[in-house]
Amino acid sequence: MRGLLAKKLKFHLPIAFALSIVVAAAFKYTVTEPRKQAYADFYKQYDAMKEFNAMKEAGIFESVRPSGE
Amino acid sequence: MPCCFPCAGTRQEQRAKGRQISTLIQVSTSQHPDNRPTAKPPPRSEAYHADVPLNTTTQPSLGRARASTSGHGRTMLHLTTGRLGSLLTRRGIMALTTSNVRMASHGHAVEQADMSVPMYCDRIDTPLPDRIYKDELSATEKSLKQKEKGPWAQLTDEEKLALYRISFKSTYAEMKQPDGEWKTVVAGMLFFFGITGLIVIWQGIYVYPETPHTFAPEWKAKQAQRMLDMRVNPVEGFASQWDYEKKQWK
(Lines give C-alpha, C1' and ligand atoms only; values in the text may rest on other atoms or scores of the structure.)
Protein backbone atom coordinates (compact mmCIF):
# COMPACT_ATOMS: atom_id res chain seq x y z
CA MET A 1 0.00 0.00 0.00
CA ARG A 2 3.05 2.25 -0.06
CA GLY A 3 3.52 4.73 -2.79
CA LEU A 4 -0.01 4.09 -4.02
CA LEU A 5 -0.53 7.65 -5.19
CA ALA A 6 2.77 7.63 -7.04
CA LYS A 7 1.89 4.35 -8.73
CA LYS A 8 -1.51 5.57 -9.77
CA LEU A 9 -0.15 8.90 -10.93
CA LYS A 10 2.48 7.19 -13.08
CA PHE A 11 -0.35 5.42 -14.83
CA HIS A 12 -3.00 8.12 -14.96
CA LEU A 13 -1.01 11.31 -15.48
CA PRO A 14 0.31 10.55 -18.99
CA ILE A 15 -3.17 9.44 -19.95
CA ALA A 16 -4.66 12.64 -18.58
CA PHE A 17 -2.22 14.80 -20.48
CA ALA A 18 -2.65 12.86 -23.70
CA LEU A 19 -6.43 13.01 -23.46
CA SER A 20 -6.44 16.75 -22.78
CA ILE A 21 -4.23 17.44 -25.76
CA VAL A 22 -6.34 15.24 -28.00
CA VAL A 23 -9.55 16.94 -26.90
CA ALA A 24 -8.07 20.40 -27.41
CA ALA A 25 -6.79 19.49 -30.87
CA ALA A 26 -10.11 17.97 -31.83
CA PHE A 27 -11.96 21.10 -30.72
CA LYS A 28 -9.57 23.34 -32.65
CA TYR A 29 -9.97 21.46 -35.90
CA THR A 30 -13.68 20.75 -35.71
CA VAL A 31 -14.92 24.03 -34.29
CA THR A 32 -12.57 26.99 -34.35
CA GLU A 33 -10.99 26.48 -37.78
CA PRO A 34 -14.34 26.01 -39.58
CA ARG A 35 -15.69 29.02 -37.74
CA LYS A 36 -12.79 31.21 -38.81
CA GLN A 37 -13.26 29.99 -42.38
CA ALA A 38 -17.00 30.72 -42.26
CA TYR A 39 -16.35 34.29 -41.16
CA ALA A 40 -13.68 34.77 -43.84
CA ASP A 41 -16.02 33.50 -46.54
CA PHE A 42 -18.90 35.66 -45.32
CA TYR A 43 -16.92 38.86 -45.42
CA LYS A 44 -15.26 38.10 -48.76
CA GLN A 45 -18.55 38.78 -50.57
CA TYR A 46 -20.04 41.27 -48.11
CA ASP A 47 -21.42 44.56 -49.42
CA ALA A 48 -22.17 46.72 -46.39
CA MET A 49 -24.18 49.40 -48.22
CA LYS A 50 -26.39 46.83 -49.93
CA GLU A 51 -27.15 45.18 -46.61
CA PHE A 52 -27.79 48.54 -44.99
CA ASN A 53 -30.29 49.57 -47.66
CA ALA A 54 -32.08 46.24 -47.43
CA MET A 55 -32.39 46.68 -43.66
CA LYS A 56 -33.54 50.28 -44.07
CA GLU A 57 -36.29 49.29 -46.48
CA ALA A 58 -37.42 46.61 -44.05
CA GLY A 59 -38.10 49.43 -41.59
CA ILE A 60 -36.13 48.33 -38.56
CA PHE A 61 -34.20 51.59 -38.02
CA GLU A 62 -35.53 54.50 -36.03
CA SER A 63 -33.12 57.18 -37.28
CA VAL A 64 -33.64 56.52 -41.01
CA ARG A 65 -37.03 55.43 -42.29
CA PRO A 66 -37.76 53.41 -45.48
CA SER A 67 -37.74 55.46 -48.72
CA GLY A 68 -41.51 55.25 -48.98
CA GLU A 69 -42.31 57.29 -45.81
CA MET B 1 -14.43 2.78 9.33
CA PRO B 2 -15.96 1.13 12.42
CA CYS B 3 -18.58 -1.51 11.93
CA CYS B 4 -21.24 0.11 14.06
CA PHE B 5 -22.77 3.00 12.18
CA PRO B 6 -22.47 2.02 8.54
CA CYS B 7 -23.80 -1.42 9.35
CA ALA B 8 -27.20 -0.03 9.96
CA GLY B 9 -27.48 0.73 6.31
CA THR B 10 -25.96 -2.28 4.55
CA ARG B 11 -28.10 -4.80 2.86
CA GLN B 12 -26.89 -7.71 4.93
CA GLU B 13 -27.48 -5.90 8.16
CA GLN B 14 -30.87 -4.74 7.03
CA ARG B 15 -31.79 -8.23 6.06
CA ALA B 16 -30.67 -9.64 9.35
CA LYS B 17 -32.42 -6.91 11.24
CA GLY B 18 -35.43 -7.22 9.00
CA ARG B 19 -35.63 -10.86 9.88
CA GLN B 20 -35.41 -9.88 13.53
CA ILE B 21 -38.10 -7.27 13.06
CA SER B 22 -40.44 -9.65 11.31
CA THR B 23 -39.87 -12.34 13.90
CA LEU B 24 -40.32 -9.95 16.75
CA ILE B 25 -43.37 -8.27 15.25
CA GLN B 26 -45.05 -11.64 15.08
CA VAL B 27 -43.80 -12.48 18.55
CA SER B 28 -44.94 -9.20 20.02
CA THR B 29 -48.34 -8.94 18.39
CA SER B 30 -49.24 -12.50 19.19
CA GLN B 31 -48.13 -12.29 22.80
CA HIS B 32 -49.33 -8.76 23.55
CA PRO B 33 -52.43 -7.96 21.57
CA ASP B 34 -53.11 -4.92 23.68
CA ASN B 35 -49.64 -3.55 22.89
CA ARG B 36 -48.63 -3.15 26.51
CA PRO B 37 -44.89 -3.11 27.18
CA THR B 38 -43.56 -6.25 28.87
CA ALA B 39 -41.41 -6.48 31.95
CA LYS B 40 -38.34 -7.60 30.08
CA PRO B 41 -37.49 -8.27 26.45
CA PRO B 42 -37.02 -11.89 25.29
CA PRO B 43 -33.44 -13.25 25.47
CA ARG B 44 -31.28 -12.74 22.37
CA SER B 45 -31.14 -16.40 21.40
CA GLU B 46 -34.94 -16.43 21.08
CA ALA B 47 -34.82 -13.55 18.71
CA TYR B 48 -32.45 -15.46 16.48
CA HIS B 49 -34.36 -18.72 16.50
CA ALA B 50 -37.07 -19.51 13.92
CA ASP B 51 -35.43 -18.35 10.70
CA VAL B 52 -38.75 -17.04 9.57
CA PRO B 53 -38.70 -17.15 5.80
CA LEU B 54 -39.61 -13.93 4.14
CA ASN B 55 -42.71 -15.04 2.33
CA THR B 56 -44.72 -16.58 5.12
CA THR B 57 -46.19 -13.29 6.20
CA THR B 58 -49.92 -13.48 5.97
CA GLN B 59 -51.90 -10.37 5.25
CA PRO B 60 -53.55 -10.21 8.69
CA SER B 61 -50.23 -10.21 10.51
CA LEU B 62 -48.93 -7.51 8.22
CA GLY B 63 -52.03 -5.58 9.09
CA ARG B 64 -51.40 -6.10 12.78
CA ALA B 65 -47.84 -5.02 12.32
CA ARG B 66 -49.05 -1.93 10.55
CA ALA B 67 -51.46 -1.12 13.34
CA SER B 68 -48.95 -1.68 16.07
CA THR B 69 -46.20 0.34 14.45
CA SER B 70 -48.26 3.15 13.05
CA GLY B 71 -50.04 3.55 16.35
CA HIS B 72 -46.77 4.70 17.81
CA GLY B 73 -46.43 7.51 15.35
CA ARG B 74 -43.31 6.16 13.64
CA THR B 75 -43.88 8.62 10.89
CA MET B 76 -41.61 7.06 8.34
CA LEU B 77 -42.91 3.53 8.75
CA HIS B 78 -46.45 4.84 9.04
CA LEU B 79 -46.16 6.69 5.75
CA THR B 80 -44.48 3.71 4.15
CA THR B 81 -47.06 1.15 5.12
CA GLY B 82 -49.96 3.50 4.67
CA ARG B 83 -49.05 4.47 1.15
CA LEU B 84 -47.40 1.41 -0.19
CA GLY B 85 -48.61 -1.22 2.24
CA SER B 86 -50.31 -3.69 0.04
CA LEU B 87 -47.96 -3.09 -2.87
CA LEU B 88 -44.76 -3.50 -0.92
CA THR B 89 -43.39 -6.90 -0.14
CA ARG B 90 -41.75 -7.64 3.15
CA ARG B 91 -38.42 -7.00 1.46
CA GLY B 92 -39.52 -3.56 0.48
CA ILE B 93 -40.45 -2.66 4.00
CA MET B 94 -37.08 -3.86 5.20
CA ALA B 95 -35.33 -1.87 2.55
CA LEU B 96 -37.03 1.28 3.73
CA THR B 97 -36.55 0.63 7.43
CA THR B 98 -33.24 1.89 8.62
CA SER B 99 -32.70 0.10 11.87
CA ASN B 100 -34.61 -1.91 14.37
CA VAL B 101 -33.24 0.37 17.08
CA ARG B 102 -35.79 2.96 16.00
CA MET B 103 -38.58 0.49 16.09
CA ALA B 104 -37.40 -0.77 19.45
CA SER B 105 -37.57 2.54 21.19
CA HIS B 106 -41.23 2.25 22.15
CA GLY B 107 -40.95 -0.50 24.70
CA HIS B 108 -43.01 -3.33 23.57
CA ALA B 109 -41.27 -6.68 23.45
CA VAL B 110 -38.56 -5.62 20.96
CA GLU B 111 -34.93 -5.98 21.91
CA GLN B 112 -32.56 -3.04 21.70
CA ALA B 113 -29.37 -3.49 19.73
CA ASP B 114 -26.75 -2.14 22.09
CA MET B 115 -24.74 0.20 19.92
CA SER B 116 -22.34 1.19 22.67
CA VAL B 117 -20.41 -2.07 22.37
CA PRO B 118 -18.71 -3.43 19.25
CA MET B 119 -21.16 -4.94 16.80
CA TYR B 120 -20.84 -7.71 14.29
CA CYS B 121 -21.42 -7.02 10.62
CA ASP B 122 -21.07 -8.84 7.32
CA ARG B 123 -19.45 -6.40 4.92
CA ILE B 124 -17.29 -7.29 1.99
CA ASP B 125 -15.09 -4.27 2.59
CA THR B 126 -14.57 -5.08 6.29
CA PRO B 127 -13.07 -8.56 6.44
CA LEU B 128 -12.63 -8.54 10.22
CA PRO B 129 -15.69 -7.26 12.08
CA ASP B 130 -15.40 -5.65 15.49
CA ARG B 131 -16.29 -8.83 17.29
CA ILE B 132 -16.81 -12.50 16.60
CA TYR B 133 -20.24 -13.65 15.67
CA LYS B 134 -21.20 -16.10 18.35
CA ASP B 135 -20.93 -14.84 21.91
CA GLU B 136 -22.52 -17.84 23.57
CA LEU B 137 -20.72 -21.05 22.68
CA SER B 138 -22.18 -24.48 23.22
CA ALA B 139 -20.14 -27.15 24.96
CA THR B 140 -18.88 -28.69 21.72
CA GLU B 141 -17.94 -25.25 20.44
CA LYS B 142 -16.05 -24.48 23.63
CA SER B 143 -14.09 -27.71 23.39
CA LEU B 144 -13.38 -26.92 19.77
CA LYS B 145 -11.97 -23.56 20.77
CA GLN B 146 -9.73 -25.37 23.22
CA LYS B 147 -8.54 -27.68 20.43
CA GLU B 148 -7.87 -24.64 18.31
CA LYS B 149 -5.18 -23.62 20.75
CA GLY B 150 -3.11 -26.60 19.69
CA PRO B 151 -1.56 -27.29 16.30
CA TRP B 152 -4.03 -26.56 13.56
CA ALA B 153 -2.92 -29.48 11.42
CA GLN B 154 -4.86 -31.68 13.83
CA LEU B 155 -8.15 -29.99 13.02
CA THR B 156 -10.40 -31.74 10.55
CA ASP B 157 -12.02 -29.82 7.74
CA GLU B 158 -15.42 -29.87 9.45
CA GLU B 159 -13.86 -28.49 12.60
CA LYS B 160 -12.22 -25.71 10.66
CA LEU B 161 -15.54 -24.85 9.10
CA ALA B 162 -17.22 -24.93 12.50
CA LEU B 163 -14.58 -22.55 13.82
CA TYR B 164 -15.23 -20.24 10.90
CA ARG B 165 -18.94 -20.27 11.60
CA ILE B 166 -18.27 -19.40 15.24
CA SER B 167 -16.40 -16.29 14.23
CA PHE B 168 -18.38 -15.29 11.17
CA LYS B 169 -21.98 -15.40 10.15
CA SER B 170 -21.67 -15.68 6.36
CA THR B 171 -18.90 -16.50 3.96
CA TYR B 172 -17.83 -14.06 1.31
CA ALA B 173 -19.58 -16.20 -1.28
CA GLU B 174 -22.79 -15.94 0.72
CA MET B 175 -22.40 -12.21 1.25
CA LYS B 176 -21.83 -11.54 -2.41
CA GLN B 177 -24.93 -13.35 -3.55
CA PRO B 178 -27.18 -11.09 -5.56
CA ASP B 179 -30.26 -10.24 -3.59
CA GLY B 180 -32.39 -8.34 -6.05
CA GLU B 181 -32.43 -5.20 -3.95
CA TRP B 182 -31.95 -3.20 -7.10
CA LYS B 183 -35.45 -4.05 -8.20
CA THR B 184 -36.88 -2.43 -5.09
CA VAL B 185 -34.66 0.58 -5.61
CA VAL B 186 -35.67 1.04 -9.24
CA ALA B 187 -39.30 0.47 -8.40
CA GLY B 188 -39.21 3.06 -5.64
CA MET B 189 -37.42 5.48 -7.93
CA LEU B 190 -39.95 5.13 -10.71
CA PHE B 191 -42.78 5.38 -8.24
CA PHE B 192 -41.55 8.73 -6.99
CA PHE B 193 -40.87 9.89 -10.53
CA GLY B 194 -44.51 9.12 -11.23
CA ILE B 195 -45.72 11.08 -8.24
CA THR B 196 -43.53 13.98 -9.28
CA GLY B 197 -44.93 13.80 -12.79
CA LEU B 198 -48.46 13.97 -11.47
CA ILE B 199 -47.57 16.97 -9.34
CA VAL B 200 -46.02 18.70 -12.35
CA ILE B 201 -49.10 18.07 -14.47
CA TRP B 202 -51.41 19.35 -11.76
CA GLN B 203 -49.19 22.40 -11.40
CA GLY B 204 -49.37 23.13 -15.12
CA ILE B 205 -53.14 23.20 -14.88
CA TYR B 206 -53.79 24.89 -11.56
CA VAL B 207 -50.74 26.97 -10.70
CA TYR B 208 -49.21 28.56 -13.80
CA PRO B 209 -50.70 31.89 -14.98
CA GLU B 210 -51.75 32.49 -18.60
CA THR B 211 -48.96 32.32 -21.18
CA PRO B 212 -48.01 35.80 -22.44
CA HIS B 213 -49.47 37.06 -25.76
CA THR B 214 -45.99 37.07 -27.24
CA PHE B 215 -46.14 33.27 -27.48
CA ALA B 216 -48.96 33.34 -30.03
CA PRO B 217 -47.97 31.98 -33.47
CA GLU B 218 -48.83 35.21 -35.28
CA TRP B 219 -46.68 37.23 -32.93
CA LYS B 220 -43.83 34.73 -33.23
CA ALA B 221 -43.99 34.88 -37.04
CA LYS B 222 -43.75 38.68 -36.98
CA GLN B 223 -40.91 38.40 -34.47
CA ALA B 224 -38.98 36.00 -36.74
CA GLN B 225 -39.49 38.27 -39.73
CA ARG B 226 -38.10 41.21 -37.76
CA MET B 227 -35.07 39.13 -36.73
CA LEU B 228 -34.39 38.29 -40.37
CA ASP B 229 -34.74 41.96 -41.33
CA MET B 230 -32.17 42.85 -38.67
CA ARG B 231 -29.83 40.15 -40.01
CA VAL B 232 -29.49 38.44 -36.61
CA ASN B 233 -26.31 36.27 -36.62
CA PRO B 234 -25.82 36.33 -40.39
CA VAL B 235 -22.55 34.34 -40.42
CA GLU B 236 -23.37 31.07 -38.66
CA GLY B 237 -26.68 31.67 -36.86
CA PHE B 238 -30.31 32.54 -37.46
CA ALA B 239 -30.20 34.78 -40.53
CA SER B 240 -27.58 32.58 -42.19
CA GLN B 241 -30.29 29.91 -42.63
CA TRP B 242 -32.53 32.24 -44.66
CA ASP B 243 -32.12 32.67 -48.41
CA TYR B 244 -32.75 36.38 -49.00
CA GLU B 245 -33.03 36.02 -52.78
CA LYS B 246 -35.56 33.23 -52.86
CA LYS B 247 -37.24 34.44 -49.63
CA GLN B 248 -37.28 31.00 -48.04
CA TRP B 249 -35.32 28.87 -45.59
CA LYS B 250 -32.21 27.24 -47.00
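Reply: Start with a term: a polar contact is a pair of N or O atoms within 3.5 Å; within protein, one must be able to donate a hydrogen and the other to accept it, and residues adjacent in sequence count only if both atoms are side-chain atoms. Helices (H or I, at least four residues) and strands (E, at least two) are DSSP runs, numbered from the N terminus. This is a predicted model, in which local features need pLDDT of at least 70 and side-chain atom pairs count only at pLDDT 80 or more, while totals for chains, interfaces and linings use all residues. Residues are numbered from 1 along each chain as its sequence is written, chains are lettered from A and ligands numbered from 1 in the order in which they are written, and side-chain values use heavy atoms, with hydrogens and water left out.

The part to look at is helix α2 of chain A, residues 48-58. Begin at its start. There, A:Asp47 places a side-chain oxygen within 3.3 Å of the backbone nitrogen of A:Met49. After the helix comes A:Gly59, with a positive phi near 85°.

Now look along the helix. A:Glu51, A:Met55 and A:Lys56 are buried (under 20% relative accessible area; exposed is over 50%, partly exposed in between; 1.4 Å probe, protein chains only). Viewed down the axis of α2(A), the buried residues fall within an arc of 135°, so they line one face of the helix. That arc is taken from the directions from the helix axis to the C-beta atoms. In general, an α-helix has 3.6 residues a turn, so residues three or four places apart point the same way. On the other side of α2(A), A:Met49 and A:Lys50 are exposed.

What lies against the buried face? The buried residues of α2(A) pack against α12 of chain B, residues 217-229. That leads to the meeting of the two chains. In all, 10 residues of chain A are in contact (heavy atoms within 4.5 Å) with 7 residues of chain B. The area buried between chain A and chain B is about 810 Å², where buried area is the accessible area (1.4 Å probe) that two parts lose on being put together, summed over both. Carbon and sulfur atoms give 62% of it. A:Phe42, A:Met55 and A:Ile60 supply 49% of the area that chain A buries against chain B, more than any other three residues.

The rule finds 2 salt bridges across the interface of chain A and chain B (a side-chain nitrogen of Lys or Arg within 4 Å of a carboxyl oxygen of Asp or Glu). A:Arg35 forms a salt bridge with B:Glu236, with the closest N and O atoms 3.1 Å apart. Both α1 (4-44) and α2 of chain A supply at least two residues of the side that touches chain B. The most comes from α1(A), with 5 residues.

Finish across the interface. B:Pro234 sits in the loop between α12 and β1 (242-243) of chain B. Not counting residues up to four places away in sequence, B:Pro234 touches A:Phe42, B:Ala239 and B:Ser240. At 30% relative accessibility, B:Pro234 counts as partly exposed. B:Asn233 is also in the loop between α12 and β1 of chain B. Its phi is positive, about 50°, although B:Asn233 is not a glycine.
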